[in-house]
Amino acid sequence: MRVPNSVVLPVGTHVDCCRQEEVEKKRHDIMAKIAAMLAERRSILAHFIDNLEGSEEPEFYMDQWERLKEMESCTLTILNLVAVNCTDHRDIKKLEATILEHVKNEELFPEVIRVLPPVYRQVEAAIVDIAQSEEMADHGMMDLQYLLSKLSQCEHLANLGRELLQDILRYLHRIGLVVWYEEIKHLENTVFLQPTFLITMFKLLVRYRLVQQLESIS
C-alpha cells in the first residue's frame, strides 16, 4: 500500500481441505474484503488530509500533508486470487505459470521491456554470488559501503561507483532480488541480500489478530 504502482497477486492455499463450492465462496469473500480494506484506507487518508487542510495553522503540518498525499497517490493493482493445493505439484506449476503470465504483462510491469546496461547484469550476478557464498551470514544483511568494496574486487566492476550501485540497487529492489530501504534513515546504509530472512522475521512479529492476542494477556 506504500509502494507506487504495486501489483498484488493473492494466493489461497489448502484447497485440498475444501469442497469446490467452498473454494469459490472463500475466493469471493477474500476479494470482497480486500476491496473493502482498500476503500477504508482511501477514506481514512482523505479524512486525515481534510483535517490537516482544515486546521487553523496548516503550514505546521505540511510534512504530514505531503506524506499523506504521497500515500494517497500510490496505485495498487489487485489481481484475481489464485487458489492452489500445495500438496499437488500440478497446482504449483499452475501458480508459477500464472505469475509468469502477469510478470510479462507490459501494462502491469513496464520494466519488463526496459533494456538494461550490461553492468546491471554484472552487478546482479555478483550480488547473487556474494549472497550464496559461505561467508554470508544467514540474515543476509550487509553494509552498503562494504558491499561496494566487495563488488569492486571483481575485475569487471573495479570502477563501480557508489552512485551507480545505488541506481542498480533500486532496480534490484524493485524486482525483489534484494531489499534496500533507502528512504528509512536508520536502514539507508544496510542492504538485505536475503529477502527471505525478512519474510521469516515478519512472520514471527506480524500475526493475524496480533493486537487482540496481546490485549488478552493480563
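Before the first stop, a word on contact: it means heavy atoms within 4.5 Å. Helices (H or I, at least four residues) and strands (E, at least two) are DSSP runs, numbered from the N terminus. The model is a predicted one, where local features need pLDDT of at least 70 and side-chain atom pairs count only at pLDDT 80 or more, while totals for chains, interfaces and linings use all residues. Residues are numbered from 1 along each chain as its sequence is written, and side-chain values use heavy atoms, with hydrogens and water left out.

**Stop one: α4 and α5**

Select helix α4 (residues 118-132) along with α5. Their axes come within 10 Å and cross at roughly 105° (axes are lines fitted to C-alpha atoms, for helices over the stretch in contact, and angles run from 0 to 180 degrees between N-to-C directions). That makes α4 roughly perpendicular to α5, a label for angles of 65 to 115 degrees. Now show side chains: Val123, Ala126, Ile127 and Ile130 of α4 meet Leu147, Lys150 and Leu151 of α5. By class, this contact has 6 nonpolar, no polar and 1 charged residues. Here Ala, Val, Leu, Ile, Met, Phe, Trp, Tyr, Cys and Pro count as nonpolar, Asp, Glu, Lys and Arg as charged, and the others, Gly among them, as polar.

**Stop two: α5 and α6**

On the α5 side, pick Leu144, Gln145, Leu147, Leu148 and Leu151; on the α6 side, Arg162, Leu165, Gln166 and Leu169.

**Stop three: a pocket**

Next, select Val11, Gly12, Thr13, His14, Val15, Cys18, Val23, Lys26, Arg27, Ile30, Leu81 and Ala83, which line the second largest pocket. (On a 1 Å grid over the protein atoms alone, a pocket is an open set of points where a 1.4 Å probe fits, with protein on both sides within 12 Å along at least five of seven lines; lining residues have an atom within 4 Å of a point.) Which element gives the largest share of the lining? That's α1, with 4 residues. While you're here, click His14, in the loop between β2 and α1: its phi is near 60°, a positive value in a residue other than glycine.

**Last stop: Ala32**

Finish on Ala32 in helix α1 (residues 20-53). Ala32 is partly exposed, at 46% relative accessible area (between 20% and 50%, with a 1.4 Å probe and protein chains only).

Key
Parallel < 35°, antiparallel > 145°, perpendicular 65-115°, else oblique.
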